[in-house]
Amino acid sequence: MRKKYDFCIYIGRFQPFHLGHLQSVRIALEEAERLIIVIGSHRTAPNIKNPWTSAQREQMIRQTLKDEPELLARIHFVPVRDQLYSDNLWVADIQQKVLAIADDDSAVAIIGHRKDESSYYLDSFPQWSYIETGNYRDIHSTDIRAAYLSRAPEASYFDKLPVGVQVNLSTFQSDPLFEELCGEYTFIQNYKKAWSVAPYPPTFVTVDAVVVQSGHVLIVRRKAHPGHGLFALPGGFVDQDETLLEGMLRELKEETGLKVPVPVLRGSIVDSHVFDNPGRSLRGRTITHAYFIQLKAGKLPAVKGGDDADKALWMSLADLYVHEDHFFEDHFAIIQHFVSRV
């Protein structure tokens with residue numbers, strides 16, 4: 001019998017894919033001929049919120065349904081990047097990718113559960129019908145990741161996962177990245193615990209420098225948690241006795257040893273912007289003020305990693321996009337914000 005919808009859209013991060021997600025997939029395939037699974041946070045650097053790549057998450061779903069090939073054949077997988085500072089770009093990306101699969105006259109529904117404020121995106125597609133799934137067994141990916149990365153016994157969370165995902169997670173424990181993520185999880189928990197005695201949730205203020213010269217941007221590699229080993233902008237927390245600008249110049253010099261006089265750096269600032277997405281940092285509410293420094297074309301000045309950076313380097317703008325999934329927090333988006341305007 002012909003189903004009510006031609007396509008059902010299911011948007012999620014699936015970090016990891018659990019039995020609640022599987023229940024939603026089954027509901028969607030009961031209501032629609034085909035299902036488009038939109039896998040979010042595509043090309044995000046691995047962290048404790050997004051440990052697995054979009055390819056790994058797709059593989060988890062495929063492994064879960066491998067014994068039901070007739071269902072798997074009706075599913076399309078679409079990876080989509082986060083757009084922390086533009087919901088419109090994120091919505092447009094999903095719309096375009098859905099239209100590449102579904103015809104303009106297709107009957108389409110979006111499926112999901114309005115669990116909290118994070119579900120606001122379900123109202124961003126009024127052209128599609130809506131299917132509410134409810135909360136299956138009160139399962140949450142956040143709880144599963146916490147148990148997994150804190151090395152809790154598998155019995156404490158395996159009953160919330162399909163067998164195929166259980167296998168994936170067990171195998172991933174032998175990956176060196178697992179050890180790195182466990183270390184970061186411990187760091188973040190201790191970091192938050194240290195601030196738990198404050199009379200109110202703290203808001204941190206940081207600064208970042210986006211230095212561009214001759215088609216290259218100045219990058220550092222972080223040498224400690226959080227984001228150990230990831231590329232980042234030179235920057236850090238503002239000291240109590242300095243202005244934002246002074247803090248940015250200090251951090252820039254400390255972390256890169258950039259051989260450009262401070263007066264030249266000051267005179268080369270062409271733009272600045274505040275990046276304040278509440279979820280931009282896993283450490284807590286962190287607002288950064290970024291400064292865009294455009295140096296005159298010429299030979300790239302010498303740089304050397306220092307302080308919180310084990311390496312400083314000039315990265316070509318072309319390589320920037322190649323290494324998108326190796327950038328700390330929202331630093332790739334910050335760089336993209338400035339270079340797209342020059």
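Domain bounds here come from an automatic or database domain assignment. That assignment gives domain 1 (5-173) and domain 2 (204-340). Their centres, taken over C-alpha atoms, are separated by 33 Å.

A word on the source. This is a predicted model, where local features need pLDDT of at least 70 and side-chain atom pairs count only at pLDDT 80 or more, while totals for chains, interfaces and linings use all residues. Residues are numbered from 1 along each chain as its sequence is written, and side-chain values use heavy atoms, with hydrogens and water left out.

Now the interface. Contact means heavy atoms within 4.5 Å. By that rule, 10 residues of domain 1 touch 13 residues of domain 2. The buried area is about 980 Å², with 56% from carbon and sulfur atoms. Buried area is the accessible area (1.4 Å probe) that two parts lose on being put together, summed over both. Which three residues supply 62% of the area that domain 1 buries against domain 2? They are R43, L84 and Y85.

Next, charges. A salt bridge is a side-chain nitrogen of Lys or Arg within 4 Å of a carboxyl oxygen of Asp or Glu. Between domain 1 and domain 2 the count is three. R43 and E324 form a salt bridge through their side chains, at 3.5 Å, N to O.

Last stop, H21. Is H21 buried or exposed? H21 counts as buried because its relative accessibility is 11%, and the cut-off for buried is under 20% relative accessible area (1.4 Å probe, protein chains only). Leaving aside neighbours within four places in sequence, H21 contacts Y10, F14, P16 and S141.

Notes:
Buried means under 20% relative accessible area, exposed over 50%, partly exposed in between (1.4 Å probe, protein chains only).
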